[in-house]
Amino acid sequence: MLRLCFPVFAVFAIIGVVFSGEIHVAVGQLCGGDVGALIRQCSTYVEKGKPMTNPSQACCDLIKKVDILCACKHVTKELEELVDMNKVVHVVSYCGIPVPHGMKCGSFTVPGSG
């Protein structure tokens with residue numbers, strides 16, 4: 001069964017993200033994220049088909065606790081089909097976490113500026 005959560009770069013990717021139950025545990029335990037809180041506070045900001053908006057302070061507070069590189073290791077193609085990775089980059093960056101151009105998150109590569 002799939003569930004909606006944000007791994008934060010994805011989170012869940014980060015960083016609004018769908019993970020299997022096993023990934024929920026891995027991201028929540030290994031990457032420092034509170035998956036349930038991330039779902040409630042951040043998922044709406046990374047959903048496909050919705051306009052890009054700035055995340056809430058509550059979402060940012062949660063994202064700042066997540067190990068982004070760790071979360072990116074758990075991003076799957078299935079997740080990328082459900083989450084707008086450009087929105088994930090926007091949310092993470094807006095929250096003050098540097099996202100280097102060229103960084104890989106799953107099969108997604110953070111685009112360069114300009």
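Both Cys42 and Cys59 are buried, where buried means under 20% relative accessible area, exposed over 50%, and partly exposed in between (1.4 Å probe, protein chains only). The two residues are joined by a disulfide, S to S 2.2 Å. A disulfide here is a pair of cysteine sulfur atoms within 2.5 Å. The pair links distant parts of the chain, with Cys42 in helix α3 and Cys59 in helix α4 (residues 57–63), 17 residues apart. Helices (H or I, at least four residues) and strands (E, at least two) are DSSP runs, numbered from the N terminus. The torsion about the S-S bond of Cys42 and Cys59 is about 125°, so this disulfide is right-handed.

The model is predicted: local features need pLDDT of at least 70, side-chain atom pairs count only at pLDDT 80 or more, and totals for chains, interfaces and linings use all residues. Residues are numbered from 1 along each chain as its sequence is written, and side-chain values use heavy atoms, with hydrogens and water left out.

The structure holds 4 disulfides. With bonded cysteines counted along the chain, their pattern is 1-5, 2-3, 4-7, 6-8. One of the disulfides joins Cys31 to Cys70, S to S 2.0 Å. Cys31 lies in the loop between α2 (21–30) and α3 (35–42), and Cys70 lies in helix α5 (residues 68–72), so the pair ties together parts that are 39 residues apart in sequence. The torsion about the S-S bond of Cys31 and Cys70 is about -70°, so the link is left-handed. Both Cys31 and Cys70 are buried.

Cys60 and Cys95 also form a disulfide, with their sulfur atoms 2.0 Å apart. This pair links distant parts of the chain, 35 residues apart. Cys60 is in helix α4, and Cys95 is in the loop between α7 and β4 (104–105). The link of Cys60 and Cys95 is left-handed, with -75° about the S-S bond. Cys60 counts as buried because its relative accessibility is 4%. Cys95 is buried, with a relative accessible area of 4%.

Lys87 is found in helix α7 (residues 85–94). The side chain of Lys87 reaches the backbone oxygen of Glu47 at 2.6 Å. Residues that Lys87 touches (heavy atoms within 4.5 Å) include Tyr45, Val46, Glu47 and Met52, not counting residues up to four places away in sequence.

Methods: Polar contact = N/O pair within 3.5 Å; in protein donor to acceptor, adjacent residues only side chain to side chain.
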